[in-house]
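Trainee: I'd like to learn how to read salt bridges in a model. Can you walk me through it?

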Amino acid sequence: MRGPHDIGGEAAGPVDTSAKAPEPWHKLITALSGVLGNGLHNIICTDETRRTREALDQETYDAGYFERHTQSLADLLVEKGLLDSEALTQRMAEIEKRINKEGR
Amino acid sequence: MADEPYEMERLPDPHDHPAPDDTSPPSHFELMTLAMKELLTEQGTLSNDEIRAQLEVIDSWKPARGAAMVARAWTDPEFRARLLDDASKAVREFGIDPGGIKLVCVENTESVQNVIVCTLCSCYPRAILGLPPDWYKSKAYRSRVVIEPREVLREFGTEIPEDMTVAVHDSLATLRYLVLPVRPPGTEGWSEDQLAEIVTRDTMVGVTNPKVPADG
Amino acid sequence: MTTRFKHGDKVRVLLTHPPGHRRTPHYIRGKIGIVEVACGAFANPEELAYGFDGLPLKEVYKIRFAQTDVWPEYRGPDHDTVDIDIFEHWLAPA
């Protein structure tokens, strides 16, 4: 089965060469992955996050680069018992309320 | 990377500017990222200090590093030879630790234009080029540049003559690639700093080539 | 240290579609190319992806393919190439 990532040679539209303004959480997810893996805590590795990324459904994969990196990291941490998925959902709801009330 | 001299001045990069007072509602994945950060720090899996330190490491990754290496290679034939022979070793001459990857430098010539991609994900030499641009990570680039590189290059304003070879490199293992562009005419006698200024990130991925500004 | 393949060897990428994490893209499976260089030995990502140690190290080869051999409808000139870094266990002599 060909995952959502194995796309070399597929037809696609023009490349959007513009640079978009980054959102702070983009760098944060990059930092979280770095701290958890790569010579720091070493409790995850890049290959594992690629594997969980490749297992994402098409819609989540296509949501965006940082979006799929976030979901795949969460999935990996839950798989390893390092994160509780219900606690995650609950905290997301709390943060949403907080941001809507107080801003970022 | 700990030994790297602190740069007082950085080249402007669109990714440096944080979004102005963002009042847009948080996306599902932004919430997920923030929630993960909170839970993991509360659990003691990692600390806020570690996150802050890693953010600084990320900020130290920028294309100016690669540009400095290219400018050195253009002016110092022995460094150029070392860079092409073993780029992982050569970057250490600039105080840069390539990390766990093997860095490989491929040279553009009058007959070859190299272009880098990672079709399966978005592998990229971040330590020397900074975080990859959105287009590099896009499905359109990843899927099309292997099958129609000349058409994709055209979308960047780069036309490669038919008698030249376009050599695409799909970096899928632990190797990361840096393109050594051709030094353009009209740069004779320039200092390394002047040369580095025309070596943009895109020229080191191979989708464009360095240009001498019209006003000299 | 001698490697199984060397510069100039003709190799075929295995045409197989095993499940799980693989770093050999579909578009190159079954294709024939020439070994450009042996890149060194690395831990196997197909194993690392599942928490194993990925040992023993396996050699990665940079294989050069003619674009016209990879894509039946390639529109560029015959001399255009695509290089891919491939683990030794995905390669067979051609």
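Mentor: Let's go through the salt bridges, starting with those between the chains. Keep in mind that this is a predicted model.

Trainee: Which side chain of chain B does A:Arg91 meet in a salt bridge?

Mentor: That would be B:Glu42, at 2.6 Å from N to O. A:Arg91 sits in helix α5 of chain A and B:Glu42 in helix α1 of chain B, so this pair joins two chains.

Trainee: Is A:Arg91 buried or exposed?

Mentor: Buried counts as under 20% relative accessible area, and A:Arg91 has 14%. B:Glu42, on the other hand, is exposed at 53%.

Trainee: What about A:Arg98?

Mentor: A:Arg98 meets B:Glu38 at 2.7 Å, N to O, again going from helix α5 of chain A to helix α1 of chain B. A:Arg98 is partly exposed at 33%, while B:Glu38 is buried at 17%.

Trainee: Which residues are linked in a network of salt bridges?

Mentor: A:Arg91, A:Glu94, A:Arg98, B:Glu38 and B:Glu42.

Trainee: And what does a salt bridge inside chain B look like?

Mentor: Take B:Glu192 and B:Arg72, 3.0 Å apart from N to O. B:Glu192 is in helix α10 and B:Arg72 in helix α3, so the pair ties together parts 120 residues apart in sequence. B:Glu192 is partly exposed at 29%, and B:Arg72 is partly exposed at 26%.

Note on methods:
Residues are numbered from 1 along each chain as its sequence is written. Chains are lettered from A and ligands numbered from 1 in the order in which they are written. This is a predicted model: local features need pLDDT of at least 70, side-chain atom pairs count only at pLDDT 80 or more; totals for chains, interfaces and linings use all residues. Side-chain values use heavy atoms; hydrogens and water are left out. A salt bridge is a side-chain nitrogen of Lys or Arg within 4 Å of a carboxyl oxygen of Asp or Glu. Helices (H or I, at least four residues) and strands (E, at least two) are DSSP runs, numbered from the N terminus. Buried means under 20% relative accessible area, exposed over 50%, partly exposed in between (1.4 Å probe, protein chains only).
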